[in-house]
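Student: I've just opened this one and could use a hand. Can we go through it together?

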Amino acid sequence: MIYQFYEMNHAAVAPFRAAADAMRLFHTNPLNPLSYTAMGRSLAAGLELFERVTRRYGKPEFGLPTTVIDGTTVRVTEDIVWSKPFCNLIHFRRDLPAGRAPDQKLLLVAPMSGHYATLLRGTVETLLPNAEIYITDWIDARVVPVTDGRFDLDDYIDYLIEMVHHIGPNTHVIGVCQPSVPVLAAVALMESAKDPLTPASMVLMGGPIDTRKNPTAVNQLAQEKPLEWFRDNVIMNVPWPHAGFMRPVYPGFLQLSGFMYMNLDRHITAHKEFYEHLIKNDGDSAERHRDFYDEYLAVMDLTEEFYLQTVDTVFIKHALPEGKMMHRDRLVDTKAIRNVALLTVEGENDDISGLGQTQAAHTISPNIPDHMRMHYMQPDVGHYGVFNGSRFRREIAPRILEFTARHARGADRPNPVKRVIKGGKAG
């Protein structure tokens, strides 16, 4: 009944939230003399803080109407080019200058771990000037009717293979965090089947390939609790009137509670500083807070079967690094990977996927030639810094683009890249 109580509480607070927003508008109106006083700004700041804390955050937009290619601003259009009940594949179609050679094709696999694919907006924006970007836009399970069937980790892997087939040959796949495991599994299955559309390269970023290495708080929780605990304590049925009514899910608001609890002091401080910025009329700092939390607080539900199978396979049994992961009735054999280049990226201060967890992909894929593999560790970044922010733009993205271009099928291959790079220096 927790999900139902959550919905009831949200509905009960709605009138107060609307009243707070109306009062905030009154106290910030330029025609109101109080808006120029410290008391008026304090009232408006408190009202906005209340409204934002009690708001339900919907799915954000990517909001990338243009990009710059070769010094020219071009229009970008979001096209849904492939669709299934639990995912849309979005292509960011760029109006390329006439006669310009096509860029490499990157399939960006967004995490299906609570947040929407728009969490990778900065990733897309950074890579867009130099690549044709496709991204997995996972759909909130609470809006998928039960008549559309189940969705588990096996289905996730099937979706990835189908998307690679749709995009076509010479595709490069980038798995950010959670998708690292299904991306590696999908590539292994395609290699085992001698699929002619196997990706040219894969980039795994901050992913839980082997969570036995430097386990984080997330990993330790999964080890301490049996699978039945997760089924009994975090799985709930979607309440009416959502389209997914009666679908068993891991609710987004529970996931968000876990995210917030891991860094509770930081979030409390951030909201306190937001209140102070509003009082001081520090509009830029306040807007940065709004932008971050509009994304961070927008969460989606996951299907029961996907969540439990992922916890069991990845965090409890460590099936992939143990060589025991199954996809339906087939063994996922990472030793079969021979023709797909591998780049792994980690953040020094990652508190979600500890150092070494993603790099383990190299250990369990021993038959990839040395000149087709590389590992990079970015100093001074946490989990989100692996795929977003200034260091991603300056240090990580150029390496991804160089690596994928180097290992495009049919490309001339210069001298082999250094296998391990730390902070921009060869190790």
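Student: What share of the 427 residues counts as buried?

Tutor: Quick heads-up: this is a predicted model, where local features need pLDDT of at least 70 and side-chain atom pairs count only at pLDDT 80 or more, while totals for chains, interfaces and linings use all residues. Residues are numbered from 1 along each chain as its sequence is written, and side-chain values use heavy atoms, with hydrogens and water left out. Buried means under 20% relative accessible area, with a 1.4 Å probe and protein chains only. Across the protein, the buried share comes to 53%.

Student: Which strand is largely enclosed by the rest of the structure, and why?

Tutor: Strands here are DSSP runs of at least two E residues, numbered from the N terminus. Look at residues 131-138: 8 of the 8 are buried, so the strand largely enclosed by the rest of the structure is E5.

Student: Which residues of E5 are buried on one side and on the other?

Tutor: Both faces are covered. One side has Ala131, Ile133, Ile135 and Asp137, and the other has Glu132, Tyr134, Thr136 and Trp138.

Student: Which strand pairs with E5 in the antiparallel sense?

Tutor: Two strands pair if DSSP finds at least two bridges between them. Cys87 stands opposite Trp138 in E5. The antiparallel pairing has 6 bridges, and the partner, residues 87-94, is E3.

Student: And in E5, what is the bridge partner of Leu106?

Tutor: Strand E4 (residues 104-109) runs parallel to E5, with 5 bridges joining them. Within E5, Leu106 has as its bridge partner Ile133.

Definitions and conventions: Buried means under 20% relative accessible area, exposed over 50%, partly exposed in between (1.4 Å probe, protein chains only). Helices (H or I, at least four residues) and strands (E, at least two) are DSSP runs, numbered from the N terminus.
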